[in-house]
Amino acid sequence: MIVADGDVAICELDEMYRIAREYYGLTQDEINKAVLSGGSAFYIPETAEEKVRYLYDLALIAVADGLEEAEVVLLKNYALKFGFLEENIDDLVNLLLEYAERKASPEEVLALSE
C-alpha cells in the first residue's frame, strides 16, 4: 500500500509501524527485517473479522498522506482477493476509507461486520 502511489511518505511509514506494533505485536527489528527483505508474500486472513481488520489497516495507511486513486484500486483488489463479493467492494472500501479518514477505532470498524 505504501508504494501504490509511487511515493513513500514518512507519515505512511509511521502508520505502518504503529499498526504493526500495536495490533500485531511486531518489534521494531521484525518490522525492519520485513520491510528490508522486500518480499511480497500475499497473506489472506481466514475469518471475516480478520479480513475487515486487515483492509482497515491498509485504509489507514492509504489515507495517512492523502488518498491517491492507485491506493483505492489496490484496496479494492485486496478486498476481491479476500473473497468479498464484487458488487459490495465499492461500498466496503468507501466505508473503510471514511472510517480511516476520521481515525475510527478498529473496534468500531469491526462492529460493522457483526
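Predicted model: local features only at pLDDT ≥ 70, side-chain atom pairs only at ≥ 80, totals over all residues.

Visitor: Which hand does the crossing of H4 and H5 have?

Guide: The crossing is right-handed.

Visitor: Which residues of H4 and H5 meet?

Guide: H4 brings Val 72, Leu 75, Lys 76, Ala 79 and Leu 80. H5 brings Glu 86, Ile 89, Asp 90, Leu 92, Val 93 and Leu 97. By class, the contact of H4 with H5 counts 8 nonpolar, no polar and 3 charged residues.

Visitor: How do H3 and H4 pack?

Guide: H3 covers residues 48–63, and H4 covers residues 69–81. The angle between H3 and H4 is about 175°, and their axes are 10 Å apart.

Visitor: What makes H3 roughly antiparallel to H4?

Guide: The cut-off is over 145 degrees. The pair stands at about 175°. Therefore H3 is roughly antiparallel to H4. On the H3 side, Leu 55, Leu 58, Ala 59 and Ala 62 make the contact. The classes in the contact of H3 with H4 are 7 nonpolar, no polar and 1 charged.

Visitor: And H1 with H3: how do you know which direction label applies?

Guide: Use the angle again. H1, residues 10–24, packs against H3 at about 150°, with the axes 9 Å apart. Over 145 degrees counts as roughly antiparallel. So H1 is roughly antiparallel to H3. The crossing of H1 and H3 is right-handed.

Visitor: Which residues of H1 and H3 meet?

Guide: From H1 come Glu 12, Glu 15, Met 16, Arg 18, Ile 19, Tyr 23 and Tyr 24. From H3 come Arg 53, Tyr 54, Asp 57, Leu 60 and Ile 61. The contact of H1 with H3 divides into 7 nonpolar, no polar and 5 charged residues.

Visitor: How many aromatic pairs are found in the whole structure?

Guide: The search finds 2 aromatic pairs. One of them joins Tyr 78 and Phe 82.

Visitor: What makes Tyr 78 and Phe 82 an aromatic pair, and why is the pair called edge-to-face?

Guide: Ring centres must lie within 6.5 Å. Those of Tyr 78 and Phe 82 are 6.1 Å apart, so the rings pair. Planes over 60 degrees apart count as edge-to-face. Here the angle is 65°, so the pair is edge-to-face. Both Tyr 78 and Phe 82 are buried. Ring pairs also link Tyr 54, Tyr 78 and Phe 82 into a cluster.

Visitor: Why does Ile 31 count as buried?

Guide: Buried means under 20% relative accessible area. Ile 31 has 4%, so it counts as buried. Ile 31 sits in H2, residues 28–37. Beyond its neighbours within four places in sequence, Ile 31 touches Met 16, Tyr 17, Ala 20, Arg 21 and Leu 26. Ile 31 and Arg 21 are 10 residues apart in sequence, and their C-alpha atoms are 8.4 Å apart.

Visitor: Why is Asp 14 called partly exposed?

Guide: Asp 14 has a relative accessible area of 47%, so it is partly exposed. Asp 14 belongs to H1. Asp 14 is 50 residues from Ala 64 in sequence, and 8.8 Å from it C-alpha to C-alpha.

Visitor: What makes Lys 103 exposed?

Guide: Exposed means over 50%. Lys 103 has 54%, so it is exposed. Lys 103 lies in the loop between H5 and H6. Its phi is positive, about 55°, although Lys 103 is not a glycine.

Visitor: How many helices and strands does the chain have?

Guide: The chain has 6 helices and 0 strands. Of its 114 residues, 35% are buried. Take contacts between residues at least 6 apart in sequence: 63% join residues at least 24 apart.

Definitions and conventions
Residues numbered from 1 in each chain as written. Heavy atoms only, no water. Axes fitted to C-alpha atoms, helices over the stretch in contact; angles between N-to-C directions. Helix = DSSP H or I, 4+ residues; strand = E, 2+ residues; numbered from the N terminus. Parallel < 35°, antiparallel > 145°, perpendicular 65-115°, else oblique. Left-handed = near helix turned anticlockwise from the far one by under 90°. Contact = heavy atoms within 4.5 Å. Nonpolar A, V, L, I, M, F, W, Y, C, P; charged D, E, K, R; others polar. Phe/Tyr/Trp six-rings, centres within 6.5 Å; stacked < 30°, edge-to-face > 60°. Buried < 20%, exposed > 50% of the residue type's maximum accessible area, 1.4 Å probe, protein only.
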